[in-house]
Amino acid sequence: MGEHIGTEIELTVDKIAHGGIAVGRLDGRVVFVSDAIPGETVRARVSDDRKKSFWRADTVAVLEPSPHRREHVWAAAGLDRDPRGRAGGAEFGHIALAHQRELKRQVLVESLQRFAGLGPEDLPGGPTALQVEALPGDAAANGLGWRTRIRLHVDAQGRLGPMASRSHTVIPVTDAPLATPAVQAAIPFAERFTGLGTLDVLAPTVGEPRLVIGEQKPTVIREVIRGREFQLDDTGFWQVHREAPAALSAAVQEAIVPELFDPRARNLDLYGGVGLLAAAVAERFGASTSITSVEADERATDHASENLAGWVGASAEPGRVDRWLRALDAGAAAAERDRLRAATVVLDPPRAGAGTEVMQLLGRLAPAQLVYVACDPVALARDAALAAADGYRMVSIRAFDLFPHTHHLEAVATFVRD
C-alpha cells in the first residue's frame with residue numbers, strides 16, 4: 001500500500017459520516033473526503049490508502065459546489081491551502097451554519113438507528129421532531145466568537161497554532177475566529193514559546209483572561225452561570241461555548257420527568273465534574289434535594305463540594321464511576337436499593353461514553369430515570385442500546401450545536417423504565 005498516496009481523483013460525495021468527513025465511492029471503494037459537502041463533485045488528493053476497503057482523501061478543488069458551500073470562516077483552513085497545511089479544528093467552516101446543523105442531525109439520527117435500533121419513526125416526537133438547536137447569539141455572529149477556552153500547540157520555531165487535521169503537524173496562525181474576542185485578544189501570536197508543548201488561553205466570566213503555559217500548576221478561577229458562582233481549576237474541565245453551561249443546565253432540568261423525580265431518593269450526578277449539573281437538579285427541585293456528584297478527578301470533586309455547599313442535600317464524592325457504582329451495588333442494603341430504584345441519575349460521560357459495565361450496573365440498580373448528556377452520537381447510541389436491554393426506553397432527546405463550524409454536537413436524552 002502507499003502507491004496511491006498523492007494521486008488526485010474525481011468523485012461525488014453523497015453523505016456525511018460520524019467525524020465530519022464526507023463519503024463517496026470510486027470504482028466501488030469507499031472514500032472519506034475532507035472539506036467536501038454531500039452532493040458535491042470534487043477533485044481530491046488521496047492521503048491514506050492503507051485499507052483495502054476505503055481510502056482517505058482531501059478536497060483540492062470543487063467541480064460542482066453545493067449551494068451550502070461558503071468561503072471558509074478561517075483563512076488558515078481554506079481550500080486554497082495545501083491540505084497538509086490547513087488548520088484543524090474548524091472542519092465545517094466551509095458550510096452554511098444552518099446546513100451544518102442539518103448534517104449533525106443526520107449523523108445523530110443515523111447513529112441511533114445503526115447502534116440503538118431507533119429509526120426516525122421511533123424517536124420521541126416522531127421523525128421530524130429532532131433538530132440541532134443553535135445557542136443564543138450564534139446565528140447573528142455566524143457561529144464565530146464562542147470559544148472561551150482554546151488550546152494551541154507550539155511548533156519547533158515556538159509559533160502558536162492548532163494541529164492539522166489527522167496530524168501532529170502544528171499550523172502557525174495569527175487568528176482564532178472561533179474564540180471569543182477576549183480570548184483572541186489574549187493570545188500572544190507574536191511571541192515565541194520555544195520548548196513548550198501547549199498554551200491554553202481562557203477567559204472566565206470572572207476576572208481577566210489568562211494563559212496556562214505547558215504543565216503549569218493549576219489555580220482556581222470562577223465562573224458565574226445564571227447568577228450562581230462555580231469555582232474550578234483553570235486547567236480543569238468546563239464547557240467551552242460561552243452559552244453551553246447555562247444551556248445544558250436548563251436542558252437537564254427540562255429533561256427530568258417531574259412525576260418520576262423523588263427529592264429524597266438516592267439521586268446521582270455521574271461524571272459530575274465541579275457540580276454544574278447536580279446544582280441544576282437541586283436548583284429545580286429545592287435545596288433539600290438529595291443528590292450525590294461522583295467524579296474521578298479529586299480536585300474537581302473538592303470544587304464540587306464547595307459549589308454544592310448551598311444545597312443541604314447535595315454532596316460530592318471522588319471516585320471512578322465504574323468502581324464507585326460497583327461498590328454501591330455490592331454494598332447497598334434493601335432500604336438503599338429502594339431509594340436507588342426511585343432515583344434520577346444524570347450522567348455526562350466522556351466522549352467514549354459510559355460503556356458496558358457502567359450501563360449494566362445502572363441496569364441492576366434500576367433507577368426510575370436516566371438523563372444522559374452526550375458529546376458523541378455513536379457513544380450515546382451504544383449506551384442507549386445497553387439501557388434498552390435493561391428495560392429503559394428513550395422518552396425525550398434534544399440536540400445542541402455547542403461547537404459551530406466543527407462536526408461536534410451535544411445531546412440530552414431521557415430514559416425511563418417500561
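Q: Is Arg-84 buried or exposed?
A: Exposed. This is a predicted model, and in it Arg-84 has 66% relative accessibility. The cut-off for exposed is over 50%, so Arg-84 counts as exposed.

Q: What does the Arg-84 side chain meet in a salt bridge?
A: Asp-82. The two side chains meet with N to O at 3.1 Å. Asp-82 is partly exposed, with a relative accessible area of 33%.

Q: How many salt bridges turn up in the whole structure?
A: A search of the whole structure gives 30. As a general point, side chains of opposite charge can pair when their charged atoms come close.

Q: OK, Glu-283 next. Which residue does it form a salt bridge with?
A: Arg-228, with the closest N and O atoms 3.4 Å apart. Glu-283 sits in helix 4 (residues 276–285) and Arg-228 in strand 12 (residues 228–233), so this pair ties together parts that are 55 residues apart in sequence.

Q: And how exposed are those two, Glu-283 and Arg-228?
A: Both are in the middle class. Glu-283 is partly exposed at 31% relative accessible area, and Arg-228 is partly exposed at 37%.

Q: What about Arg-393, which side chain does it meet in a salt bridge?
A: That of Asp-418, at 2.7 Å from N to O. Arg-393 belongs to strand 18 (residues 392–400), while Asp-418 is in the segment after strand 19 (410–417), so the bridge ties together parts 25 residues apart in sequence. Arg-393 is partly exposed, with a relative accessible area of 42%. Asp-418 is exposed, at 70%.

Q: Switching to helix 6. Which of its residues are buried?
A: Helix 6 covers residues 321–331, and the buried ones are Val-321, Asp-322, Trp-324, Leu-325, Leu-328 and Asp-329. They span an arc of only 165 degrees around the axis, which puts them on the same side of helix 6.

Q: Why would residues a few places apart point the same way?
A: An α-helix has 3.6 residues a turn, so residues three or four places apart point the same way.

Q: And which exposed residues are on the face turned away from the buried side of helix 6?
A: Ala-327, Ala-330 and Gly-331.

Q: What covers the buried residues of helix 6?
A: The cover includes strand 13 (267–270), strand 14 (291–295) and strand 15 (314–318), along with helix 7 (334–341) and helix 8 (355–365).

Q: How many bridges join strand 7 to strand 9?
A: Five. Strand 7 is residues 149–154, strand 9 is residues 198–202, and they run antiparallel. His-153 stands opposite Thr-198 of strand 9.

Q: Last one: where is Ala-374, and is it buried or exposed?
A: Ala-374 is in strand 17 (residues 369–374), and at 5% relative accessibility it counts as buried.

Q: What is Ala-374 in contact with, leaving aside neighbours within four places in sequence?
A: Leu-380, Leu-409, Glu-410 and Ala-411.

Technical notes: Residues numbered from 1 in each chain as written. Predicted model: local features only at pLDDT ≥ 70, side-chain atom pairs only at ≥ 80, totals over all residues. Heavy atoms only, no water. Buried < 20%, exposed > 50% of the residue type's maximum accessible area, 1.4 Å probe, protein only. Helix = DSSP H or I, 4+ residues; strand = E, 2+ residues; numbered from the N terminus. Arc of directions from axis to C-beta. Contact = heavy atoms within 4.5 Å. Pairing = 2+ DSSP bridges. Salt bridge = Lys/Arg side-chain N within 4 Å of Asp/Glu carboxyl O.
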